[in-house]
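Here is a walk through one model, taken a piece at a time. Have the sequence and the 3D view open as you read.

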Amino acid sequence: WQQFFGIGIVKTPEDFGVQGERPKHPELLDWLAADFREGGWDTKRLIRRLVTSAAYRQSSQGSTELAEQDPDNRLLARGPRYRMPSWMIRDRALAVSGLLVSRVGGPPVKTYQPSGVWEEATFGTKRYQQDSGAALYRRSMYVFWRRIVGPTMFFDSASRQFCTVKQFRTNTPLHALATLNDTTYVEAARVLAERVMLHSEKPNERLDFLYRLVLSRSPSASEHEVLLKAVGQFQSEYQADSAAAEKLLKVGEYPRNKNLAAVDHAAWTALCSAILNLDEALVKE
C-alpha cells in the first residue's frame with residue numbers, strides 16, 4: 001500500500017509496535033489480508049488489486065479545502081501524488097531515451113560518478129573504477145553500493161547502515177542540480193533528442209512524440225508555442241557558440257549520430273533535459 005499510495009495504511013512501517021500508529025483503515029487492512037490469503041498469497045494478484053482499485057485510479061487533483069483538511073490523503077479522497085525516488089527517476093530517464101538495458105541478473109555495475117568521491121570518504125584507500133558500455137545503462141538495482149558512501153545519483157536514499165522500510169522523500173535544489181547536470185541525465189537527454197529528431201523532421205511532430213514518451217500525453221497549444229519558441233532560442237544560442245554545442249554533445253560514452261546537425265541536436269538536447277525535469281515528469285500522480 002505504501003509503495004503505490006505513497007503512505008501506508010499504517011503510517012509508521014518502521015514501528016508496528018505499541019508506539020507506532022494504529023491502522024488508519026483497520027477494516028480495509030483486514031479485508032486485504034484475508035483477500036491475500038484466499039488468493040494463495042499471490043503478490044502479483046494483490047498488486048493488480050491495488051492498482052485497479054477505484055481509490056488508486058482517482059485523479060490526484062483535489063480542492064484547496066480538501067488539501068487543508070487531509071494534506072496526507074489519509075482519507076483516500078483523491079489519487080496518490082508524490083515525488084518518485086531517485087532510482088526510479090534515473091531508470092525512467094534511461095527508458096524513455098532508449099538507453100536502458102533490460103537484461104535481468106548479473107554482477108553489480110559502476111556507473112557515472114564524480115571523481116574523488118570514494119577517495120575522500122576512504123582517505124584514499126579505495127578508488128572508483130567506472131564501467132563502460134552497456135553496464136552504464138543497467139537498471140538502478142544493479143548499481144554497486146559501498147556502505148559508507150552510496151552512489152551519488154541516489155540523492156534520497158538511506159545510509160544503508162541499518163534496514164529501512166520507509167522511503168525518504170525530499171525535494172531540494174540539490175536534486176535539480178543532479179537531474180540537470182549529472183552525466184547520466186545529460187546523456188539521456190542527448191540520446192532522447194536523437195530519438196526524437198530521427199522520428200520526424202517536423203518540430204510539431206517531434207514535440208508530440210517527446211511528450212508521449214516522457215509524459216504519456218500530447219502537449220497543449222500553449223505548451224507547443226512556448227516550447228517551440230524555446231527550441232528556436234536554444235538554436236540561436238548554440239549557433240552563436242558552436243563550441244558549447246559540441247561540448248554538450250560529448251557528455252556520456254554513448255556515441256552520437258554524426259548525421260544530425262550539431263546545433264539542432266544540442267538545441268533539442270536542452271529541450272529534452274527541460275522536459276525530463278518538469279514536475280510532471282518527476283512526480284507520480
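## Before we start

Two residues are in contact when they have heavy atoms within 4.5 Å of each other. Helices (H or I, at least four residues) and strands (E, at least two) are DSSP runs, numbered from the N terminus. Buried means under 20% relative accessible area, exposed means over 50%, and partly exposed is what lies in between (1.4 Å probe, protein chains only).

This is a predicted model, where local features need pLDDT of at least 70 and side-chain atom pairs count only at pLDDT 80 or more, while totals for chains, interfaces and linings use all residues. Residues are numbered from 1 along each chain as its sequence is written, and side-chain values use heavy atoms, with hydrogens and water left out.

## The whole chain

Let's start with the big picture. The chain has 13 helices and two strands, and its C-alpha atoms fill a box of roughly 65 × 55 × 35 Å along the principal axes. Of its 285 residues, 40% count as buried. If you take the contacts between residues at least 6 apart in sequence, 64% of them join residues at least 24 apart.

The accessible surface (Shrake-Rupley method, 1.4 Å probe) comes to about 16700 Å², and 53% of that belongs to carbon and sulfur atoms. As for charges, Lys and Arg count as positive and Asp and Glu as negative, with His and the chain ends not counted. Each charge is placed at NZ of Lys, CZ of Arg, CG of Asp or CD of Glu. The mean positions of the 38 positive and 33 negative charges are 6 Å apart.

## Helix H10

Now find H10, residues 221-240. The expected span of a helix is 1.5 Å times one less than its number of residues, so the 20 residues of H10 should span 28 Å; the end C-alpha atoms are 29 Å apart, which agrees.

Which residues of H10 are buried? They are His224, Leu227, Ala230, Val231 and Tyr238. Seen down the axis of H10, these buried residues fall within an arc of 135°, so they line one face of the helix; the arc is that of the directions from the helix axis to the C-beta atoms. An α-helix has 3.6 residues a turn, so residues three or four places apart point the same way. The buried residues of H10 pack against H9 (203-215), H11 (242-249) and H12 (262-276). On the other side of H10, the exposed residues are Ala221, Glu225, Val226, Lys229, Gln239 and Ala240.

H7 (residues 173-181) has His175, Ala178 and Thr179 buried. Looking down the axis of H7, the buried residues fall within an arc of 90°, so they line one face of the helix. They pack against strand E1 (82-83), helix H5 (86-97) and helix H8 (183-199). Turned away from that buried side are the exposed residues Pro173, Leu174, Leu177 and Asn181.

Over in H5 sits isoleucine 89, which counts as buried at 5% relative accessibility. Leaving aside neighbours within four places in sequence, isoleucine 89 is in contact with Arg83, Met84, Thr179, Tyr185 and Leu282.

## Two loop residues

Phenylalanine 123 lies in the loop between H6 (117-121) and H7. Its phi is near 55°, a positive value in a residue other than glycine, and phenylalanine 123 is exposed, at 80% relative accessible area.

Serine 216, in the loop between H9 and H10, also has a positive phi, near 60°. At 64% relative accessibility, serine 216 counts as exposed.
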